[in-house]
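Subject: Structure handover

Hello,

Here is the structure I promised to pass on. Please open it alongside this note; my findings follow below it.

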Amino acid sequence: MLLDALLPDDAAGSAAADAWALIEALYPLCRSLTGDGVRQTLDRIGERIPLIRTEVPSGTPAYDWEIPREWNIRDAWIADVGPGGNGRRVVDFRAHNLHVMGYSVPVRQMMTLAELQPYLHSLPDRPDWIPYRTSYYREQWGFCLRHRDRERLGPGPYEVVIDADLAPGHLSYAESVIPGQGESDDEVLVYTHTCHPSLANDNLSGIAVAVELARALHHAPTKPRLTWRFIFGPGTIGSLAWLSRNEERLGRVRAGLVLGLLGDPGVLHYKHSRRGDTLTDRAAAHVLRGTATHENAEAKLLDFEPYGYDERQFCSPGFDLPMGRLTRSPNSTYAEYHTSADDLTLIRAAQLASALQTLARLASVIDANRTPLNLSPKGEPRLGKRGLYGSVGGGAPGAFEHALLWVLNQADGSRDLLAIAERARLPFEQVEQAASALERAGLLRTLERTEAAPDSESRKKGPPP
Amino acid sequence: MLLDALLPDDAAGSAAADAWALIEALYPLCRSLTGDGVRQTLDRIGERIPLIRTEVPSGTPAYDWEIPREWNIRDAWIADVGPGGNGRRVVDFRAHNLHVMGYSVPVRQMMTLAELQPYLHSLPDRPDWIPYRTSYYREQWGFCLRHRDRERLGPGPYEVVIDADLAPGHLSYAESVIPGQGESDDEVLVYTHTCHPSLANDNLSGIAVAVELARALHHAPTKPRLTWRFIFGPGTIGSLAWLSRNEERLGRVRAGLVLGLLGDPGVLHYKHSRRGDTLTDRAAAHVLRGTATHENAEAKLLDFEPYGYDERQFCSPGFDLPMGRLTRSPNSTYAEYHTSADDLTLIRAAQLASALQTLARLASVIDANRTPLNLSPKGEPRLGKRGLYGSVGGGAPGAFEHALLWVLNQADGSRDLLAIAERARLPFEQVEQAASALERAGLLRTLERTEAAPDSESRKKGPPP
Amino acid sequence: MLLDALLPDDAAGSAAADAWALIEALYPLCRSLTGDGVRQTLDRIGERIPLIRTEVPSGTPAYDWEIPREWNIRDAWIADVGPGGNGRRVVDFRAHNLHVMGYSVPVRQMMTLAELQPYLHSLPDRPDWIPYRTSYYREQWGFCLRHRDRERLGPGPYEVVIDADLAPGHLSYAESVIPGQGESDDEVLVYTHTCHPSLANDNLSGIAVAVELARALHHAPTKPRLTWRFIFGPGTIGSLAWLSRNEERLGRVRAGLVLGLLGDPGVLHYKHSRRGDTLTDRAAAHVLRGTATHENAEAKLLDFEPYGYDERQFCSPGFDLPMGRLTRSPNSTYAEYHTSADDLTLIRAAQLASALQTLARLASVIDANRTPLNLSPKGEPRLGKRGLYGSVGGGAPGAFEHALLWVLNQADGSRDLLAIAERARLPFEQVEQAASALERAGLLRTLERTEAAPDSESRKKGPPP
């Protein structure tokens, strides 16, 4: 069954407005891999959807990695204490939290400009933008500033202060789960990273769209067949932490998406999973570029590559999960990426709304997809006597009758509804409605996972021994 | 061995003239799913080729269907008995048998025009053509008429009479079988529907072309390797009836064709079987569109779809037979389809002739195809000492020598001659002649079905459990 | 490990000069399937590279063939002893060894021109060129001459003499082997034919290029992983003789090339092996036409066909070895082919040099290819702490880091480095360097042949039973 009205047209605008409000609320917080900024972010998300929160202690191993110490910053500045400097803060964390390199160790010292230069980061080509820099895994510190400001710096000396803690603590992530009502315990994962400070598109847009999709699923009048699990955690170490604590669950992952960068003016880009032909990939290709629908004719499909967001971890060869990624402009491909120009002016409510609508349709296709078996496979069954076909012969069948014929013909247990829709060049929804009508007429049943042909719906394949 | 001279150029014209004569003789008969019109049709066919006739009683089950009651019609009319109508027949079955909806129940009553209207069928866009309508499986009645005539009807009242029987009886079909002389008991099926009344292209052209192909096979100087079985029966219920009585035979079906609509001015269209890569499909693609031949460069190959003629039943998932369909204009795609304009003026003897020639070549390829095994597979055997290759070296080989090299190189038991011809980009006939020469020289033998690789020649695959 | 500096740019010119010198030395010798001309040719090759020589007695069986008698020719002529002829040699073997049809039986008799004509071969279209003709397997004799000279012949009589021996002896071939230092005993075969008399491109160019590639491998500072075996033998019967004496070795052949015709002005042509997707095929496609390299954008890839050089035998269905062929102009496609115009003026040192450079890169790719296994497959390993990745985050990775990510992501044991390079659209060398770095860091190991997925590296598949 399709998730009826998961996000009807009239609801999309309202959901996008809610997303926008969440982005505005979250924008000022100083997030990083760990720390109170992340916890406050999860607090706000928890006001919108039910959350299960997890705190993983520093030092906990996660495959080749371990959970780092927790970082919290109170204040930081560079003050000019030279002649005529008057102790003025020439770089001030309170003005923009990008000014401090993420995970900087504490520092408090006097330095000349010459001594300070190696610790400064700016963009000569974009002199008005503050770059975003981090050093999670090597102990160092730094300041990021507008190149224009950097060029105005006098010889100093400067008072350089980073008032931060880097100490044993926890990494925080949260999950929101909508239990599936179908017969299987299969899951769909949605992951979005929460570790970026005041950057609007990357990734408050992704967080807010994920929250609205989760909210729509929590309140959908038709319950989903599959279990949907939304994960809000930091990039890389967050997905590794979740993976390392949920290995027993991975065999159930039937599809999944990494979400991010969904508010900018660019078109939608779907990046394939490592396997390239998983349910997620096929559903995304159908929804974004389906020959029968063309609704997103401008959307683009990207091949998998191992550089990107958390799909890098989910699609590492030891997991190889059926997870793709949905963004608008892909990372690194827009000028404002990872700078202070990725602010609220970069994102649009209409872009959030249309991303949400496409996502809702994609979610509905993933959830409703199943492998049908024709229970009357020898010849065509009589549709007329079951009220599914017109009674006067001689003319051509209508669109619904055509979809009925396609489903009956292809439902041999080797293909799922999505494959049938693609072969028939029909929209998935039309094929699904035909399948539901045939199920009600007793002519079709859905194969359980264990009955279906191995490749008919995407399943995790184990890594090589 | 190729079916030498199955239909040489000088014989095609004569065969087409015979086909035309048969069409003329059959045109006036009122055929339907059942009834004496069908029996008279089979009588005429039986004058041309040997027939085994079957009568299946009404009520006999055929999968989800059952054989309907037998329908016979003697007369039918609508007579204007209103003022000035003079009892004139304004619609008269004796003028055209399309005037009565097929399988109409008997009726005899007086009606006003207003009461009659729901029982009338006409084509406002084609006011001079009578439409063809049927109601096989719901008890109703109706009249079909030219829209121009309908608009002239006065208020009535009308005497409305259909003098027909709808009563327990039989469904009639017939087969003509040419036994194969090869080692296997595999069969090729040819099905053509016999249920249409006075419609020339759909499907007297198909009947007549099938009869001529069967006649050519019955009289071919080289006996076919495979058994050829021609079936003349009504659409849908006829193929279902045959299938339900011949299940034990289906495992032997190596190839097959549904024939119809072969006389109109359109180009040939081959519609693939459900599997899409069966022997029938590959042979048709080679003959109709082969890169090496181009003889039908204008012919078109269509993907399988579940709407159409009796391939719907043969290609249902429970049978999944290797059967394609050959027509000129596909059903529903020409204006005259299923109207009184599909009459003798629509079809051409030259179109019948060229359809027959292509069919004869296709039949010859299907029949001669086999999987060869090189008996001297290590290195090339010495062709020169066997008289198959010129004795002076230094120049390039001729076309026949090239075909010998291709057959020897590819004959590893995994490919049939058709696959070799496609890979070598040579006409099948040239490859087959090379294979025959190598067989005579003791360098090659034909694999039995049980030895051949499973996919090397198309075999029925069982339905899923 | 790549074969570093197998043939650096500055060495290619010198190697090509050596190749040219060898061609000049070999050009005058009268080679054939057997005989002292072949032995002298192998003597000269043996001065450049170590050779293991084999003499196979006449009459030894080789599959459907047997080793022919040995042919040696001392002199041959047609002398005009007619009026005014003065006994002048009008055709003289001492002027060009193409004048005598290869393997001509001895003859000594007086003939009129009319009697002589059936024994003469010339090219009316190319009146100044002497054709190359042979008759290895039927006892006959003949003379080849310029058509212009033939037309000037008087009525004779003529003294016709071929002073040759056709007697039990031996067929001579030689091998040069560079032992592999890797863990497997797999081999790469390189075959080039030695049976053509004074023809420069076909095939002294192939012999000389093979000698220089072998010499580079013998002296490479990095030892090859695989064993490289160069075979110098006559066409057809030579490869059959070698195959029949080395069947136990064939299972180890991982790749191979037939070389010939590498000095003419044409572009490089790689002809695929029979299987079409062997390691040789994939490496050649990558090196000649790789999207990432484009270094030979003008090179052409040819489908396999069973006509050609000794790939006909190596790719016969009973062996089906992973052997392709590298030439410039393919056989039969240039005017001078198999005529006296295929002399030293047809070939160029620069063409020999660039063929050698491409071959050296191809050899290096074949030798270094292997199937890697990621030893830390769950998530990405931390490259930074191993010195393989920059420590400041926020920017995009460089080319080397990108290659590291690709190798780690794809190294699941199902793909070799060449497949990874193709998927990543990176040059093989970059992927191989990344893999070597990961091996040194303990993150990757090479799968042994028995562990690797069956299709991950090309292996001989046995012939059908």
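Eight strands of chain A make up an open sheet with mixed pairing, in the order S1-S10-S12-S11-S13-S16-S14-S15. From one strand to the next, the twist averages 20°. Bear in mind that this is a predicted model.

Look inside the sheet next. Strand S11 (residues 187-193) and strand S12 (residues 227-233) of chain A run parallel, joined by seven bridges. One pairing to check: Val188(A) has Trp228(A) in S12(A) as its bridge partner.

Two helices are worth a look here. Helix H2 (residues 36-46) of chain A lies across S1, strand S10 (170-178) and S12 of chain A. Helix H2 of chain A runs at about 15° to S10(A). Helix H9 (residues 349-368) of chain A also packs on the sheet. Helix H9 touches S11, S12, strand S13 (253-259) and strand S16 (323-327) of chain A. The direction of H9 makes about 170° with that of S13(A).

Now the charged pairs. The count over all chains comes to 114 salt bridges. Three of them are picked out below.

Start with Arg274(A) and Asp320(A), whose side chains meet in a salt bridge at 3.2 Å, N to O. This pair links distant parts of the chain, 46 residues apart. Arg274(A) is in the loop between strand S14 (269-271) and helix H7 (279-289) of chain A. Asp320(A) is in the loop between helix H8 (311-314) and S16 of chain A. Both Arg274(A) and Asp320(A) are buried.

Next, a salt bridge between Glu380(A) and Arg312(B), with the closest N and O atoms 2.6 Å apart. Glu380(A) lies in the loop between strand S17 (372-374) and helix H10 (399-410) of chain A, and Arg312(B) lies in helix H8 (residues 311-314) of chain B, so this pair joins two chains. Glu380(A) is buried, at a relative accessible area of 12%. Arg312(B) is buried too, with a relative accessible area of 12%.

Asp149(B) counts as partly exposed, at 25% relative accessibility. Arg146(B) is partly exposed as well, with a relative accessible area of 28%.

Finally, a network. Arg274(A), Arg275(A), Asp320(A), Asp412(C) and Arg415(C) are joined into one by salt bridges that share partners.

Best wishes

Technical notes:
Residues are numbered from 1 along each chain as its sequence is written. Chains are lettered from A and ligands numbered from 1 in the order in which they are written. This is a predicted model: local features need pLDDT of at least 70, side-chain atom pairs count only at pLDDT 80 or more; totals for chains, interfaces and linings use all residues. Side-chain values use heavy atoms; hydrogens and water are left out. Two strands pair if DSSP finds at least two bridges between them. Helices (H or I, at least four residues) and strands (E, at least two) are DSSP runs, numbered from the N terminus. Axes are lines fitted to C-alpha atoms, for helices over the stretch in contact, and angles run from 0 to 180 degrees between N-to-C directions. Contact means heavy atoms within 4.5 Å. A salt bridge is a side-chain nitrogen of Lys or Arg within 4 Å of a carboxyl oxygen of Asp or Glu. Buried means under 20% relative accessible area, exposed over 50%, partly exposed in between (1.4 Å probe, protein chains only).
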